[in-house]
Amino acid sequence: MRLLRYIGKRLLHLVPVLLGVTVLVFFISHAIPGDPARMMAGQKASREAVENLRRSMGLDRPLHEQYLRYMKGLLHGDLGRSVRSQRPVVEDLKDFFPATLELTLASMTLCLVVGLPLGILSAVRRNRPLDHASRVFSVCGVSMPVFWLGLMLLLLFYRNLQWLPGSGRLDVGLDPPASVTGLYLVDALLEGNRPVFLNALSHIILPAFCLSYVYLAVITRIVRSSMIAVMEQDYVTTARANGISEPVVILKHCLKNSLIPTVTIAGLSVGELLGGAILTETIFGWPGMGKYVVDSVNFLDFPAIMGFTLVVSLSYVLINLAVDVIYAFLNPQIRY
Amino acid sequence: MPSSTPRSGTDPTGGWRRFREEHAWQIREFFFTLHLLRRNPSAVAGFVIICSMVFLALAAPWVAPYDPIRISLSERLSPPSWHHLFGTDELGRDLFSRVLYGARISLRIGLLVVGIAGGLGTILGAVAGYVGGKTDDVIMRCLDIVLSFPSLVLAMALAAALGPSLRNAILAVAFVMIPKFARLVRGEALAVRERPFIAAAKVSGASHTWIVFHHVIPNCLSSVIVLGTLVVGETILIASSLSFIGLGAQPPTPEWGAMISVGRKFLMDQWWYATFPGLFILVTVIGFNIFGDALRDVLDPRIRR
Amino acid sequence: MNGDLLHIQDLSVRFFTYQGVVRALEGVHLAVRRGEILGLVGETGCGKSVLARSILRLIADPPGRIMGGRILFKGRDMLTLPMKEMRRIRGNDISMIFQEPMTSLNPVFTVGNQMEEVVRLHQKVSRKAARRICVEMLEQVRMPDPESVLRKYPHELSGGMRQRVMIAMELSCRPDLLIADEPTTALDVTVQAQVLHILNELTRARGTSVLFITHDLGVVAHLCDRVAVMYAGKIVETAPVDALFRSPGHPYTRGLLAAVPSVDEDREVLASIPGVVPGLIDPPAGCRFHPRCPAARKECEHLEPAGVEVGKDHWVFCHAGRGKVKGER
């Protein structure tokens with residue numbers, strides 16, 4: 001019950017941030033030097049069409065009136081109309097959202113499954129070979145151009161070794177599973193469709209690894225450093241002095257404490273994941289929002305770009321709200 | 001007029017001596033930092049990488065065997081050889097030369113962005129931290145909004161709105177980086193504000209502007225340098241990503257991200273095209289990252305020594 | 001000896017640091033008898049805590065290492081026990097309370113969770129039984145409303161309450177020996193008296209031996225049966241409490257006692273003895289106290305003093321020690 005109140009309070013704090021996000025996106029799309037009507041209409045539209053659009057968009061009005069109008073549209077789920085597809089941007093994003101969600105979730109799972117144990121082991125075996133190896137791995141991760149990593153993975157696993165497929169979510173000719181969640185892996189499991197599941201799995205491995213690498217590096221580092229800080233605490237000595245075995249000391253007494261700083265950093269670094277999705281999806285022909293926005297960039301389709309920016313930033317803010325809740329859950333010293 | 005005294009500043013050695021006397025502590029601190037850096041292997045490795053990249057960038061016109069935009073259709077898409085160390089591209093241009101010239105572009109982007117964002121961010125943060133109150137609130141809330149966008153996403157939207165060009169990409173990335181500096185400096189300025197020499201300066205009638213520029217900002221400088229080093233690396237990554245999706249440098253500019261973007265079309269048969277520019281991005285960014293981390297360790301008073 | 005529960009023989013511990021090898025303990029002999037409270041006094045940094053941690057083999061390696069000696073507990077040498085056996089002793093036969101009540105309980109688990117974990121680790125009992133043991137223990141340390149304390153997190157308790165929780169937790173498995181490493185130093189004076197009283201009462205009633213580490217001679221006089229005085233990694237004097245206060249044998253002990261009226265801070269102790277505590281990286285040869293000793297002689301500079309029994313049960317490690325010199329130990 002208190003947790004609910006805490007969430008409510010956090011949501012209230014969120015309102016100004018969300019407003020700010022919309023203001024900034026509004027400014028980028030309406031007040032940047034250049035002609036917003038021209039941008040909205042697309043480079044190829046005729047002069048008359050641009051003038052008509054200007055009037056119909058109310059761009060001859062003062063800025064604050066325009067903003068109110070824009071907000072009203074937003075609250076009704078109106079992000080404008082894509083120049084390229086001639087459909088409402090919201091509809092487009094809805095179509096592409098599940099693929100991005102699937103890829104992001106797969107990457108996060110990978111990070112937790114690999115990054116957490118790797119960080120813990122590096123901390124426990126500090127300055128031993130494994131720790132050095134994981135440090136090199138992390139430094140490369142945070143310095144890696146995601147798009148180049150994707151290309152190199154394609155070169156190695158698709159072209160040279162031919163182990164894994166190189167693009168899309170499924171082989172051409174396979175029908176996607178009946179859509180329940182929109183995530184092929186989950187839907188295929190629900191359907192009990194083994195070949196589709198395995199095929200979808202083989203398609204997601206490369207992009208998920210590519211996307212997760214940067215994030216993995218960040219998580220491994222923060223887990224390692226916070227574990228090391230916690231392992232020097234008195235209560236860890238107390239636990240050992242009470243005869244508690246080393247695995248329990250590490251996994252119970254140290255881990256929960258070290259997760260407290262970890263979740264904060266993990267939440268903030270989700271930004272890397274969301275940005276990286278743009279590049280990863282483009283490289284692997286993954287039909288998600290990231291690929292959609294890059295295609296829109298090449299077409300200078302502004303409503304689509306701004307819609308994407310807004311949706312992704314809102315997700316980022318909400319993810320960090322969730323992180324705050326997890327934080328409060330882990331840390332009893334937070335009074336909520 | 002009597003002859004000038006040694007302290008008047010017209011005598012260069014006297015001025016230097018006075019400077020040395022007044023700043024003896026800072027000078028000792030500086031040399032101690034250098035000493036610690038020399039003993040830190042990753043600092044040395046990072047420094048060597050950065051220096052090599054700067055050297056290659058500066059010396060590109062002399063080191064590069066070919067003109068980076070010279071087209072030679074007879075040699076198009078030839079694999080790496082002694083003539084063309086990294087092979088050639090679809091117009092027969094020498095990739096090794098292009099990659100070297102690319103270092104100039106990427107390092108310039110890094111420096112410009114850190115210059116703009118570091119400068120503006122430091123001033124904003126110092127003002128917010130020093131003045132406090134409403135000003136602080138307004139500045140920090142605005143910067144929080146910028147921070148609630150993933151950096152690449154906001155940079156992309158800005159660059160797209162400004163129009164695809166290298167200059168606009170630099171502006172976009174700089175805008176995204178401002179809050180990082182501002183938040184850091186604000187935190188330090190809050191601490192500096194309480195130090196006795198600020199009160200002393202106020203008593204002696206110094207203006208607020210003077211205090212911000214002569215006391216607050218100099219005291220935050222070492223952390224700004226650390227962050228600046230790390231941000232150079234991040235900037236090179238984001239800027240090349242923008243170029244890769246078509247929003248930064250435009251062909252035929254030999255920018256690494258733009259080269260990879262074209263090289264991608266030839267990935268399956270001409271592996272060298274996309275590989276070498278990316279390798280240079282990776283190595284350069286590693287250099288800045290490990291040097292920045294080492295610098296932070298060395299300057300951090302808690303783990304110093 | 002038969003009455004000895006714990007017998008430390010010739011224990012040496014070193015820390016290998018960048019600055020050099022710290023000789024934290026050198027040839028320490030110490031015995032704790034059944035049912036007694038033995039005080040271990042000395043200045044900060046003299047090796048008291050290292051000694052306490054060595055007994056349970058809690059020295060982090062690296063940088064620390066136990067170089068030699070034996071720690072006999074009920075006749076078994078704990079230094080050669082396999083780790084599994086060692087864990088069975090920790091918290092069960094020998095348990096330990098630390099100086100900082102603020103940080104020695106894990107902040108993210110409830111008091112009940114942590115206490116029950118220890119009880120169930122060493123005693124084959126159900127959850128419910130474990131809970132009952134915890135409640136009983138908290139009652140015995142005079143904790144009001146034990147049930148609700150078990151549901152609380154450490155940060156919701158005061159320092160004195162936390163230290164009482166620690167005492168309850170560490171006595172819950174009825175250990176034979178309790179090592180208390182300055183358990184009251186971080187507490188207010190009034191709370192300190194209360195906690196000492198509880199500790200004294202409980203351990204006396206159960207016949208638990210206590211190795212009580214402190215730098216506060218007032219507490220020693222009040223609480224302990226016997227005292228061992230430590231200086232720069234060595235034991236310099238052991239004696240029954242009365243004998244020590246009546247006729248201190250070692251010049252260092254005399255210096256300590258001279259500073260007693262206001263002994264709350266280490267600094268004041270130091271002020272009454274000329275010179276400074278030697279660094280343990282390169283300690284003085286011979287008797288480690290000789291550079292500061294008013295009664296230093298020639299042999300003190302190169303010869304380590306052997307133990308001299310100056311009274312019943314009263315040993316002094318000093319060349320100037322009174323009484324007849326016993327053979328080498």
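**Figure 1. Confidence in chain C of the predicted model.** The mean pLDDT of chain C is 81, and 91% of the residues in this chain reach 70 or more. A stretch with pLDDT below 50 covers residues 323-329 of chain C. Beyond near neighbours in sequence, residues 323-329 have 11 contacts in the model. For the predicted model as a whole, the scores are ipTM 0.89 and pTM 0.84.

**Figure 2. The two assigned domains of chain C and their contact.** The domain assignment divides chain C into domain 1, made of residues 4-93 + 175-325, and domain 2, residues 100-174. Between the C-alpha centres of the two domains of chain C the distance is 29 Å. Where they touch, domain 1 of chain C contributes 15 residues and domain 2 of chain C contributes 16 residues. On the domain 1 side, helix H7 (residues 189-206) of chain C gives the most, with seven residues. By residue class, the side of domain 1 of chain C that touches domain 2 comprises 10 nonpolar residues, four polar and one charged.

**Figure 3. Two residues of chain C with positive phi.** Most residues other than glycine have a negative phi. C:Lys74, which is not a glycine, has a positive phi of about 50°. This lysine is found in the loop between strand E4 (64-73) and strand E5 (76-77) of chain C. C:Lys74 counts as partly exposed because 14 C-beta neighbours lie inside 10 Å. For C:Arg142, likewise a residue other than glycine, phi is positive and near 65°. C:Arg142 is placed in the loop between helix H4 (127-140) and helix H5 (146-150) of chain C. With 15 other C-beta atoms within 10 Å, C:Arg142 is therefore partly exposed.

**Figure 4. Helical architecture of chain A.** Chain A contains 13 helices and zero strands. The C-alpha atoms of this chain fill a box of roughly 80 × 55 × 40 Å along the principal axes. Of the 336 residues in chain A, 42% are buried. Among contacts in chain A with a separation of 6 or more, 69% are between residues 24 or more positions apart.

Figure 5. An unreviewed UniProt entry assigns "domain: ABC transmembrane type-1" to residues 97-327 of chain A. This span is 81% helix and 0% strand, and its end C-alpha atoms lie 27 Å apart. UniProt (unreviewed entry) also places the feature "transmembrane region" at several stretches of chain A, including residues 136-158 and 304-330. Residues 136-158 of chain A are 87% helix and 0% strand, with end C-alpha atoms 25 Å apart. Residues 304-330 of chain A are 100% helix and 0% strand, and here the end C-alpha atoms are 39 Å apart.

**Figure 6. Contacts between chains A and B.** Two pairs of chains are in contact, and chains A and B share the most contacts. Here, 37 residues of chain B are in contact with 38 residues of chain A. On the chain B side, helix H5 (133-147), helix H6 (151-162), helix H9 (208-244) and helix H11 (271-299) each supply at least two residues. The side of chain B that touches chain A divides into 25 nonpolar, nine polar and three charged residues. No contact joins chain B and chain C, and the closest C-alpha atoms of these two chains lie 10 Å apart.

Conventions:
Residues numbered from 1 in each chain as written. Chains lettered and ligands numbered in written order. Predicted model: local features only at pLDDT ≥ 70, side-chain atom pairs only at ≥ 80, totals over all residues. Helix = DSSP H or I, 4+ residues; strand = E, 2+ residues; numbered from the N terminus. Buried ≥ 20, exposed ≤ 12 C-beta atoms within 10 Å, placed from the backbone. Contact = placed C-beta atoms within 7 Å. UniProt positions renumbered as here; feature names shortened; annotations may be inferred. Domains from an automatic or database assignment. Nonpolar A, V, L, I, M, F, W, Y, C, P; charged D, E, K, R; others polar. pLDDT = per-residue confidence, 0-100.
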